Structure formats: structure tokens, C-alpha cells
Amino acid sequence: MGGVAADMGAKGVNAPDGGWGWAVLFGCFVITGFSYAFPKAVSVFFKELIKEFGVGYSDTAWISSILLAMLYGTGPLCSVLVNRFGCRPVMMVGGLFASLGMIMASFSTSIIHIYLSTGVITGLGLALNFQPSLIMLNRYFSERRPLANGLSAAGSPVALCCLSPLGQVLQYQYGWRGGFLILGGLLLNCCVCGALMKPLVGPKALKSKVLDLDNQEGPEKMKKVKAKLLDFSVFKDRGFFIYTVAASIMVLGLFVPPVFIVSYAKELGNEDTKSALLLSILGFIDIFARPTCGVIAGLKWVRPRCVYLFSFAMLFNGITDLVGSQAKDYASLVVFCIFFGLSYGMVGALQFEVLMAIVGTEKFPSAIGLVLLMEAIAVLVGPPGAGRLLDATKNYMWVFLLAGSEVVLSAVVLATCNFLFIRKKSSALADKLESITVTHDAKPSKMSEEEEKRAREGQEKETEEEEIHNERVEESKTVCSKEVERFLKEQCQNGDTATNPETCL
């Protein structure tokens, strides 16, 4: 999909593919769990919130929608903050925001207060953790990146299996207010995960580049720094543009079933605990689907074609929604959750792996921020639109049919556009190169002479730059030698011959 970019790690540092990267992976696992499971786990409290504030399904659905919108919509802000301050401090501040939002929500007196506290503040805190964790994972892993993405994405179903029953227990024992307060305390663990994000340290050879940057004029330096905060040039990549459009359509329906499945089961007359168990079943299947899909995506034959595997995963998920819309009893919902968990896990394991493969490590911080921003609009429309449809029809079948249709459409857009436009682009480029080669072999042209001239000029420029670099290195060595000699003379004059007796003779 637009080609696979070479990953050289942060600022030219090769990805270690292990070592401290496993600690980073664990942090990403926990952060991904909180970020994606929270909007679904909060749905356990929807029934109580409807009774408390006298609102409808569409009103409570806005809580999950705002959470996801903040997670996605603040993408560019996260990109700028990460490029300016680094991943670790941004994540630790985000952990404080996430916890503060849930604690404030426990004192809410209206649904608007919950929108602002749980939706906006907690959503912002989770966003400041989620995106930097993915950036660090991309920097620490290259060859094992599909597996790392799959394991990291498994944090979402694991957290969902834990948070959904926990939320039900907290609701029975302490009410929704006490449950929100305890969940706010749990979110402080995001700060611990942020502390694990140790920056990669570059080789000593990179220090000369830093010194050269410091020697440049102020305005030029500021321009370079500003240019790196958010890189919009990724939109020039046709593969990235297709991915962004398809992902935005997918998000319209992807999160709708997990948000409404518990209420759907309760509507069919099942107990609250039994209904909440459906999310645990979905999450349990999801746990094994994500790492397995990560291993498959890392295979030598599959990895260059992972975009088509991603399209299949979306198609599978959409068809599952369409079939699941006909469920009429608890057993049917269990079967639906099994297949939905499998397909949802595949989508979760592949969505960011495909993006990383398209843009590479260098542009990934900006690319993920821009993609999440585009998806934020769809997130704001998806669950609330489904809730409004439910209020109008009083039938969950139409909700699941709509969600499935949107996800299927996204799969068709991604696979078709990638096959038609990206393939054509590659074929046209190959034909052009072949025609140039044939023309060159048949009859040398003026263009070849100009190209040779440009090549010579480029080679001369590289040689000149290398000579300048060598001169700077020699000057640095000379300065260091003079400093050492001056220091030794001062020591000798002060009578300290223990430092180097031979020099003082």
C-alpha cells in the first residue's frame, strides 16, 4: 500500500527489537487496554445513568463517543507535544488527567458534567498516553513489529474482560459514583506505564549533527524545529490517503456493537450479570485473536500484503454485524460475540501495523495524529447516531445492520482502491523505467548527458561536504588537545605532579 517504508528507529537509531523494548511493550499493553476498554466498560453504567438523570440511550452513548473522539481528535496535539517534550513526560501528565476526569465524574449532578469530566478530561488523558505508547513501540521494534503490535493490542480485550465484570461489581457494591471514583484510582497506573518509556539514545556519531544544528542561525533552526512538530507531507502518499478514508468509514460502525451489546442482552430479558458476561466472552476471544493475527502478519509472504489481510479482517467484522443483527436469544448473542471478538481482534492487531508499514518510523508520529483526527469525526457520529436510530426504531436489529454496512463499505474501499490505484501507480512507474532503459540502450540522448552531469555535481558536492566534515573533526581534535595541554600545565604549576609526572619533567 504505497510501499513499505524502511524503519531506522528514532533519529537514525536502529530498533533494538528486544531488550528494554519488552518493558515498553508491557506499558503499551496496559495503556492500550485502558484506552480502548474504557469506552466499552463505561457502558455497564448506562442503565443507572439513564435512571439517575432521566435521559435516553443516545444521550448516554455520547459518553463513549466523546471519550473516543478525544482519543482520536487530539491526535495532532499529541504529535506536537511528543515531538516537543518527548513521550515519557507527556504520558505521565496524561495519566494524571485520566484519573482526575473519572474522580470529578463521581461528583456529577447532570449528564453534561459527565460529558466534560469522563468524556473530555479522561479522554484527553487517555489520548496523551495512547499515541505516545504506539510511537515508542514503533521505535523499539522493527523486525518483530507485527508481533509486538499484536501483543500490545491484546491489552484491549484483557482489560475489557477485567473492567466489565469489575464495573458491574462496583455498581452493585458502591453505585455508579463509587465505581467511577475507584476506576479513577486505577487510571493512575498510566503514570507508571509512562515511566517505562525510556528514550532511545543515539550513537556518539550523532553528536556532531547536534553541534552543527546549534551552530546554525536562529531563524533557520526554529524553522527546522517547527517543521518537525507536525508533518503534513504524509498526505502526498496515495496509500496513506486511501488508508485514512477507509479507516474513517470503518470507525463509524466498528465501536457500535461493543457499546450496545450489554443493553441488547438486557432488552431480551437477561440478568445484568449475565448480560455483562457477553463483553467478557468477546474480550476473551479477542485476547487470542490479536497476537495470533500479529504472528500471521509477520510472516515473510504475508507482511508485504498486510493491507489485504486488514481488508479481510474488516469484511469479516462487518459481515458478523450483519448476521448478528438477527440474534433473538442469549445463545445467539454468545455466538455473535465469539465471531465478533475474532474479527475485532484481527482489525485491532493490524490497523496500526498497516499504518506503520506505509509511512515508516520517521513520519509515524505525525501520521498517526492526522489519521486519528480524521477518524474523530466518524467517532462522534457513529455511536450517537446508532443510539438515535435505536430511540426511533426501538429495535437493535437496525443498529447492527447499520454498523455492519459501514464496516463492509470500508473494507471494499480499502481493498479496491489499493488494488486499482496503488497497483497502477507501481506498474506505470515500472513501465516508465523500462522505456527509459530501452531508449538509453538504443540511442544515447542529451538527457543522459544531463543526468551524468548532475550525478557528477552531486558526487562533487558530497565530497566537498565530507571534506568540510573532516576539517571540523580535525579542528575539534585540535581544540581538545590544546585544552588538555593547558589543564596539565596548570596542574604542574600548582605542584600537582601526581596527575601525569612525565608531563611535568
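These legends accompany close-up views of salt bridges and of model confidence in a predicted structure.

**View 1. Salt bridges across the whole structure.** Welcome to the overview: a search of the entire predicted model turns up four salt bridges.

**View 2. Glu52 and Arg177 join two helices.** Here Glu52 pairs with Arg177 in a salt bridge, with 3.5 Å between the closest N and O atoms. The two residues come from distant parts of the chain, 125 residues apart: Glu52 belongs to helix H2 (residues 46-53) and Arg177 to helix H8 (residues 155-186).

**View 3. Arg290 and Asp286 pair within helix H14.** In this close-up the side chains of Arg290 and Asp286 form a salt bridge with an N to O distance of 2.8 Å. Both sit in helix H14 (residues 272-297); because they are four residues apart there, about one helical turn separates them.

View 4. The side chains of Glu353 and Arg303 meet in a salt bridge, at 3.9 Å from N to O. Glu353 lies in helix H16 (residues 330-393), while Arg303 lies in the loop between H14 and helix H15 (306-324), so this pair ties together parts of the chain 50 residues apart in sequence. Glu353 and Arg303 are both buried. Look for Arg145 as well: salt bridges with shared partners join Arg145, Arg303 and Glu353 into one network.

**View 5. Confidence along the chain.** The protein chain has a mean pLDDT of 78, and 75% of its residues reach 70 or more.

**View 6. Two stretches to view with care.** Over residues 217-227, pLDDT stays under 50, and the model has five contacts beyond four places in sequence for this stretch. Residues 426-448 also stay under 50, with one such contact in the model. A friendly reminder for this view: where pLDDT is low, the predicted coordinates should not be read in detail.

Methods
Residues are numbered from 1 along each chain as its sequence is written. This is a predicted model: local features need pLDDT of at least 70, side-chain atom pairs count only at pLDDT 80 or more; totals for chains, interfaces and linings use all residues. Side-chain values use heavy atoms; hydrogens and water are left out. Buried means under 20% relative accessible area, exposed over 50%, partly exposed in between (1.4 Å probe, protein chains only). pLDDT is the predictor's confidence in each residue, from 0 to 100. Contact means heavy atoms within 4.5 Å.
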